[in-house]
Amino acid sequence: MKVANRIIFNTVVLYVKIILTTLIALVSVPLILKALGTDDYGLYNLVAGVVAMLSFLNASMAIATQRYISVAIGAHNPEKLNTIFNCAVLLHLLIGFILVVVFEICGLFIFDGFLNIHPDRIPAAETIYQFMVLSVFLNVITVPYGAVMNAKENMLAASVIGVIDSVLKLLLAMSLSLYGRDRLVFYGVGITFISLCNVIFSRSYVRIKYKEFFFSPKKYFDGGAFKSMFGFAGWNVFGAVANIGRNQGIAVVMNLFLGTAINAAYGIANQVNGALRNLTTVCRKAINPQLMQSEGMGDRDRLRRMAFVLSKVSFIILACFAVPLIVEMPYVIKLWINDAPAYTVAFCQLILVLSMLQQYSNGLMSAVQAVGKIGLYQAIMGILLLLNVPICYMLMKEGCPPYYCFVCFIVLEALSLLVRMLFAQSLANITIPSFATKVILPSLVSVGIALAASYPLHLVMDESFLRLVCVAVCYMIVYMAALWFICIDKYERKITSSFLYGIKKLF
């Protein structure tokens, strides 16, 4: 299959998967919230929310393995492929055991009066925590198999496994109301069982489909490759753990001041954000293998072009849905969840603003990852991410509303974007002026024009489903026109036209 056709096919497959999993997730949240109640749902997001955040950790570690496999493919060096795979499996077993030890040590302290949990629910929280630790280990050791499918650009298999995962979670959510005992513990056990199923499905598929990848460390092990991958993956894990630490650290801070109910609002906001962010992961999964193969081929110009496209398209796709949703969020939350916890609307609005800002970093991060010199980069980015926690603690201690924590997120993310641009300029020759003028400025202008055209409808119409539809349709029509004439250049228009033609031909 040609590269262009492969990207089109993978994009269509991934979007079908995203639509299905997003719909399932949207149906699951009200079921879980109703079955568990606000306090237990908040407690789950506080204690076991790390599982929900594992997408950051898994994605970062998968990039490490995928990067080495893709570079080997780009360099046409098949001898290295199985060696890299064996090193990756051993590496993730090691990382999994290290994370289990770290979590178990932390578990000795966090339930001893550190978290604001009702005493009657501490035993359930401790049980959930242990199952969360097991889920962490299972998710980590699955990473090499997912990385193989991504590097081979086999998005169909990965999507099928992802849909099965979502369906199992929906069945678990539906069964909660039928369980008569502690539903929170039952839910934690179910999530761990689903993680085990993912390990079995992914490992079995790779063994059957890609027979060149098989685990035989005695025959295929290279100390030098393992050391290189350990360093690369280690820094990726540090960055991912910093991201998880930022997100869960804020959850802990808000819990200390406001209890588990605020964690329910935070969990709903993360669900909304995760559902929309999935739309942009399609771009990353479809483009990243080719971007990283560009480094293996020594073609930096191609790498830069693909990095620009990845950042711009990621922002364009998310902004298409996020902006009208932000405008109509009070009505959407009311329509979706009858009795939403306090601050849910503000949390959802601000986290989507944060997520849109983060999309500009996608191409920059992939370019830095492809070059491979990530130690200093991950160290600085990890520090910036973790700064959110002490700053939010000080804000809450001063009596500020909890949504100030999200404002802090946004300010530090803007600073992080500037740092990423500096690293991309130094390592991949992606200059800041060119990135700002070709990616950031035209996309923001397009959003501004579309928002200016649609927001008056929000002001003059009464709150209703009709207003939601009118605002969304008006915004999207103007937004698409602005993108075509302002945001994308002639080269990107040509790619877009070819892409749309390819989709039409595919169907």
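At 38% relative accessibility, Glu-463 counts as partly exposed, a class that runs between buried (under 20% relative accessible area) and exposed (over 50%), with a 1.4 Å probe and protein chains only. The model is predicted: local features need pLDDT of at least 70, side-chain atom pairs count only at pLDDT 80 or more, and totals for chains, interfaces and linings use all residues. Residues are numbered from 1 along each chain as its sequence is written, and side-chain values use heavy atoms, leaving out hydrogens and water.

**Salt bridges**

- The count comes to five salt bridges, each a side-chain nitrogen of Lys or Arg within 4 Å of a carboxyl oxygen of Asp or Glu.
- Glu-463 pairs with Lys-334 at 2.8 Å, N to O.
- Lys-334 lies in helix α10 and Glu-463 in the loop between α16 (432-460) and α17 (465-487), so this pair ties together parts that are 129 residues apart in sequence; helices are DSSP runs (H or I, at least four residues), numbered from the N terminus.
- Lys-334 is partly exposed, with a relative accessible area of 47%.
- Arg-121 and Asp-182 meet in another salt bridge, at 3.1 Å, N to O.
- That pair links the loop between α3 (79-110) and α4 (122-151) to the loop between α5 and α6, 61 residues apart.
- Arg-121 has a relative accessible area of 21%, and Asp-182 has 27%.
- Glu-413 and Arg-420 form a salt bridge with their closest N and O atoms 3.0 Å apart, and both residues are buried.

**Helix α15**

- Helix α15 (residues 404-428) has 25 residues and reaches 35 Å from its first C-alpha to its last, close to the expected 36 Å, which is 1.5 Å times one less than the number of residues.

- Ser-28 lies in helix α1 (residues 3-47) and is buried at 7% relative accessible area.
- The side chain of Ser-28 reaches the backbone oxygen of Ile-24 at 2.8 Å.
- Not counting residues up to four places away in sequence, Ser-28 touches Leu-170 and Ala-173, where contact means heavy atoms within 4.5 Å.
- Trp-336 is in helix α10 (residues 329-336), and its C-alpha is 9.1 Å from that of Val-27, 309 residues apart along the chain.
- With the exclusion of residues up to four places away in sequence, Trp-336 touches Leu-26, Val-29, Pro-30, Ile-268 and Val-272.

Key: Helix = DSSP H or I, 4+ residues; strand = E, 2+ residues; numbered from the N terminus. Polar contact = N/O pair within 3.5 Å; in protein donor to acceptor, adjacent residues only side chain to side chain.
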